[in-house]
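Please take me on a guided tour of the structure I have open in my viewer, telling me at each stop what to select next and what is there.

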Amino acid sequence: MSSLSREKLLEMFTWLLRLRRMEEKCIELALSGMVPGWLHSYLGQEAVSVGVVLHLRREDYITGTHRSRGHDLVKGVDLKRYVAEILGRKDGPCFGRGGEMHLADKEVGAMGASGIVGGIVSTAVGLGFAAKYKGEDRVSVTFFGDGASNQGTFHECLNLATVWKLPVLFVCENNGWAEFSPQGKVMCVENVAARAAAYGLPGITVDGDDVEAVYQAAGEAIARIRHGDGPILLECKTHRWLGHYVGDPQKYRMPQEVEGVRQFDPLMRFESKLLKEGILTEEMIRETGEKVRHEVNEAIEFGKNSPFPEPQDMFKFVYAEEGAAK
Amino acid sequence: MKEIRYVRAITEALDEEIARDEKVFLIGEDIGRGEGIFNTHRGLLAKYGDKRVKDTPISESAFMGLALGAAMAGLRPVVDILFMDFLTVCMDPLINHIAKARYMFGGQYTMPITITASTGAGLGAGPHHSQCLEAWFAHIPGLKVVMPSTPYDVKGLLKSAIRDDNPVLFLYDKTIIAVKGEIPEEEYLVPLGKADIKREGTDVTVVAVSKMVTQALMAADKLAAEGISIEVIDPRTISPLDMETIISSVKKTSKLVIVHEAVKKFGIGAEIAATVVEEAMDYLDAPIKRVGAPFTPVPISPPEEKAYIPSADQIIEAVKEIAS
Amino acid sequence: MITVTMPKLGLTMKEGTIVEWHKKEGDAVQKGETLFVLETEKVSYEVEAPEAGVLGKIVAQVGDVVPVGGVIAYILQPGETPAAIPGQAGAAAAPAAAPATAEAPAAEALEKVKISPLARRIAEEHNINMLAIKGTGPEGRIVKEDVLKAIEEAKAAPAPAPVPAAPPVAVPAPPPPTVEAEEELRPLSSMRKVIAERMTETFTVPHFYLTIEVDTTELGKLRQALLPAVEAKTGVRLTVTDLLIKVVARSLEENPSINCQYADGSVRLFKRIDIGLVTSVEGGLIVPVIRQANKKTLAEISKTRSELAQKARDRKLVREEMTGSTFTVSNLGMFGIDQFSALLQPPESAILAVGATVDKPVARDGQVVIRPMMTLTLSIDHRVLDGVAGANFLQSLKRYIESPGLLLL
């Protein structure tokens with residue numbers, strides 16, 4: 001039996017479902033050609049966002065990647081504005097400028113994401129630095145992939161954050177694929193967490209498709225960090241269901257592997273477990289499904305109906321206007 | 001008024017701004033204990049402590065990115081990169097993230113980040129410690145680039161840069177740090193984006209940048225003796241560039257020479273020349289001349305390096321070619 | 001209002017003399033109607049009205065020498081009155097040494113003046129003729145000071161007399177052309193008109209024809225051998241015509257008397273060998289000129305010929321590219337014509353008509369063999385050339401065509 005409260009477990013289940021339904025709809029939008037650029041699907045990795053971000057306060061910071069679909073939503077970005085953003089519309093929190101890869105909503109502490117692999121890990125270090133500088137007990141969490149752990153800046157950041165004992169949680173979502181390359185071809189360590197040893201910070205590996213395990217590990221890590229014990233590297237082993245982007249033919253992947261990863265489905269695993277434990281009933285699943293479907297459909301409609309910026313709007317925000325700083 | 005060295009003007013500006021605003025902090029390699037490789041940060045660690053003056057590991061990429069996060073959270077980082085050449089190892093955080101953060105995130109953030117770095121050949125420091133790469137950064141929307149030539153401008157511009165809500169690259173020339181100049185006793189600012197006419201003249205406009213301003217002024221003295229009067233304009237800020245002052249001078253003299261220490265090809269001289277032709281071609285009475293370094297890396301060997309750096313004589317030669 | 005100015009009829013033309021006016025002030029003119037005739041050192045030329053209207057004012061009278069771009073007349077358009085005519089137009093008709101304040105010279109010539117942008121702007125503002133200023137800047141460039149000096153000089157010179165305004169005139173509607181039933185009256189295109197006039201002119205020239213048959217076996221082999229090399233060098237497929245132009249150029253060098261024109265009681269012998277090539281275009285013929293053909297390599301001829309032909313088809317040829325040939329070649333071989341006589345291109349005194357290459361039985365060393373044969377017909381102006389001269393020229397062609405290796409000598 002789970003040690004977590006029934007309410008917490010149901011909240012986690014609802015978020016897993018919401019992220020799943022949302023992602024399915026976003027993929028439909030991408031396939032219909034409405035999403036500018038790419039859509040880097042998050043299908044299959046939802047347990048990481050849910051398990052980590054549910055621990056965070058509104059004032060805590062997160063930064064993400066090109067594949068950060070779940071984190072921002074769990075952190076509190078409005079679903080409707082979220083869809084508007086990935087469609088490049090005015091009502092997005094970034095005015096349609098961020099799109100799918102560079103979404104930020106400062107108001108809820110979703111500080112930004114980067115289209116450059118590993119590019120924004122250092123930003124999270126800076127956010128943690130600012131919290132410490134100001135004497136706040138905020139925590140800064142940065143999500144990145146196994147691919148980013150091969151970037152030099154990642155190593156610089158682990159070292160610097162550890163040297164200065166900054167309140168940063170480094171969350172590696174290890175889905176086994178760095179764009180088109182399998183982990184085994186580009187790294188000689190099995191666990192990214194092992195890299196922490198080189199810099200003197202704790203490195204932990206958990207089953208990233210088990211939302212409870214992630215929640216458990218992240219909870220302990222965040223508590224220690226908030227207490228002032230310095231940064232931690234948390235590696236969540238998960239699976240990327242689709243290609244690097246929606247529409248990727250994945251010729252570099254074996255069909256059995258592509259099929260096989262679905263057995264790790266974090267949503268189904270959690271749902272069956274809760275059903276078995278009597279926390280969830282078929283009736284509740286239907287009701288939650290209905291509620292989530294409604295929310296998601298509303299968000300999609302809102303996004304599609306949100307106006308595009310005007311071409312001349314492109315000149316906004318290149319530089320700060322007088323008095324722009326708050 | 002008081003007399004002060006170029007490098008001390010940097011220290012005074014940092015000192016005053018760090019004292020003025022608790023959101024300002026200094027970060028970089030060897031700026032605390034080491035007080036900066038050119039002594040730019042003298043006494044600041046002792047005065048403000050290691051919360052405000054941060055010595056970093058040799059990890060430019062990490063601490064440049066850190067500045068971005070710190071700025072997002074409302075701080076005003078002043079990052080020191082020692083040699084401008086080292087900016088190449090932290091281009092991603094600077095160009096892809098800091099310069100674009102306000103834009104890409106739809107105006108949610110301001111980026112009050114100042115980056116100080118040294119430019120200039122002349123010390124035998126060679127290809128990795130002497131480059132003038134200002135044109136790269138002036139080409140990036142979202143960044144501002146400052147290159148002062150006098151102690152007065154150093155102090156006033158650096159203070160303005162730190163108070164600016166945009167990322168500003170403050171490039172000082174390491175070979176003129178001992179040059180003395182007068183500055184007011186009381187506090188003052190020099191606005192970004194405003195050129196300064198360092199010497200008025202009537203026959204040829206000479207736009208000179210950073211250390212080349214000194215060379216242009218030397219050239220002006222020699223040319224004056226031969227009856228040629230040049231007007232020396234120091235843009236002081238490369239981006240945004242005060243084309244208005246340059247163009248109004250060209251309208252007066254009808255002739256233009258542009259001097260920078262950076263390699264002439266694709267340098268900011270090309271941008272200035274192109275803009276003058278676009279906006280004031282009908283005022284030109286002669287071809288525009290550019291004086292810049294040759295298209296080679298910066299050599300170490302003294303005779304080569306001396307020949308590499310543009311000189312007053314080259315400026316004189318260029319002026320004479322078009323001053324009929 | 002249309003300002004009629006002195007046209008630039010060639011690269012070197014600087015001025016022209018008005019020799020005859022076909023219209024007088026107040027006359028209605030149709031577009032394309034001849035207004036006046038001018039003469040340069042090279043040609044006389046009928047200038048047509050660029051638009052319909054009323055000839056409001058003649059500025060340049062018969063005998064006046066007008067610089068290129070100088071004003072000659074004004075044509076008023078419907079609704080316009082002579083009040084619109086500029087009062088100081090007379091300056092344009094000034095003789096050779098025009099003062100610096102002359103009317104705007106041809107834009108083309110002005111663009112080529114070596115002058116600083118500032119000096120150009122000042123000259124334009126003060127209506128100074130840049131062509132008349134001597135530059136003192138680097139490499140002779142006209143600079144500000146030169147223009148200021150010219151302005152001073154112009155001020156010192158007396159102002160041109162004002163021209164009295166002409167009385168107002170009404171513009172009558174053009175008379176409708178009469179056309180019978182079952183007929184269609186189509187106006188000739190301007191190219192067709194030129195062809196019509198020139199071909200009529202040909203018949204004022206006493207001329208005759210000489211024909212010869214040549215064996216093209218060797219020429220054909222040479223072409224096959226050179227094709228890839230020429231194509232690799234120029235991107236153009238070497239044609240029989242290209243080889244013929246080379247052969248003709250060489251033969252003209254050897255027979256300089258053919259390379260001439262009858263010129264009103266004299267014969268003009270050319271040292272340059274510029275070969276015109278009759279080129280068919282939609283609606284007529286154009287004769288682009290391959291300059292200095294004798295000094296060009298085969299690849300250069302091929303490339304030039306190809307470029308000119310393309311320009312001819314695109315109607316992009318400029319006047320310089322279709323005037324001044326000293327000899328012309330017309331090849332109808334590719335259209336399956338075995339033999340024909342071409343009409344002279346006056347004032348040239350000879351033209352070569354080239355027929356198709358056809359396999360024919362010929363006697364060689366007492367045997368009948370099949371050889372590719374081509375017929376060449378030379379038309380010549382009998383006022384300046386006789387049969388023997390023409391025959392020598394054709395023999396020369398035959399020698400080079402049948403033994404093209406001689407071209408290397």
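**First stop: two helices in chain C**

Select helix 5 (residues 217-234) of chain C together with helix 7 (residues 298-313) of chain C, which pack at an angle of about 60° with their axes 10 Å apart. Helices (H or I, at least four residues) and strands (E, at least two) are DSSP runs, numbered from the N terminus, while axes are lines fitted to C-alpha atoms, for helices over the stretch in contact, with angles running from 0 to 180 degrees between N-to-C directions. This is a predicted model, in which local features need pLDDT of at least 70 and side-chain atom pairs count only at pLDDT 80 or more, whereas totals for chains, interfaces and linings use all residues. Residues are numbered from 1 along each chain as its sequence is written, chains are lettered from A and ligands numbered from 1 in the order in which they are written, and side-chain values use heavy atoms, with hydrogens and water left out.

Helix 5 of chain C passes helix 7 of chain C in a right-handed crossing (a crossing is right-handed if the near helix is turned clockwise from the far one by less than a right angle, and left-handed if anticlockwise). To see the contact (heavy atoms within 4.5 Å), show Leu226(C), Val230(C), Lys233(C) and Thr234(C) on helix 5 of chain C, and Leu298(C), Ala299(C), Ser302(C) and Lys303(C) on helix 7 of chain C. Sorted by class, this contact has four nonpolar, two polar and two charged residues, where Ala, Val, Leu, Ile, Met, Phe, Trp, Tyr, Cys and Pro count as nonpolar, Asp, Glu, Lys and Arg as charged, and the others, Gly among them, as polar.

**Second stop: a helix pair in chain A**

Now select helix 2 (residues 46-53) and helix 8 (residues 211-227) of chain A, which pack at an angle of about 35° with their axes 7 Å apart. Helix 2 of chain A also passes helix 8 of chain A in a right-handed crossing. Among the residues that meet here are Val48(A) and Gly51(A) from helix 2 of chain A, and Tyr215(A) and Ile222(A) from helix 8 of chain A. By class, this contact has nine nonpolar, one polar and no charged residues.

**Third stop: aromatic rings**

Rings of Phe, Tyr and Trp (its six-membered ring) pair if their centres lie within 6.5 Å, and planes under 30 degrees apart count as stacked, over 60 as edge-to-face and the rest as tilted; by this rule there are 15 aromatic pairs over all chains. Select Phe129(A) and Tyr133(A), whose ring centres are 5.8 Å apart with planes at 35°, so the pair is tilted. Both residues lie in helix 5 (residues 121-134) of chain A, four residues apart, about one turn of the helix. Are they buried or exposed? Phe129(A) is buried, with a relative accessible area of 4%, and Tyr133(A) is buried at 8% (buried means under 20% relative accessible area, exposed over 50%, partly exposed in between, with a 1.4 Å probe and protein chains only).

Lys54(B) lies over the face of Trp164(A), at 4.6 Å from the ring centre (NZ of Lys or CZ of Arg must be within 6 Å of the ring centre and within 35 degrees of the ring normal).
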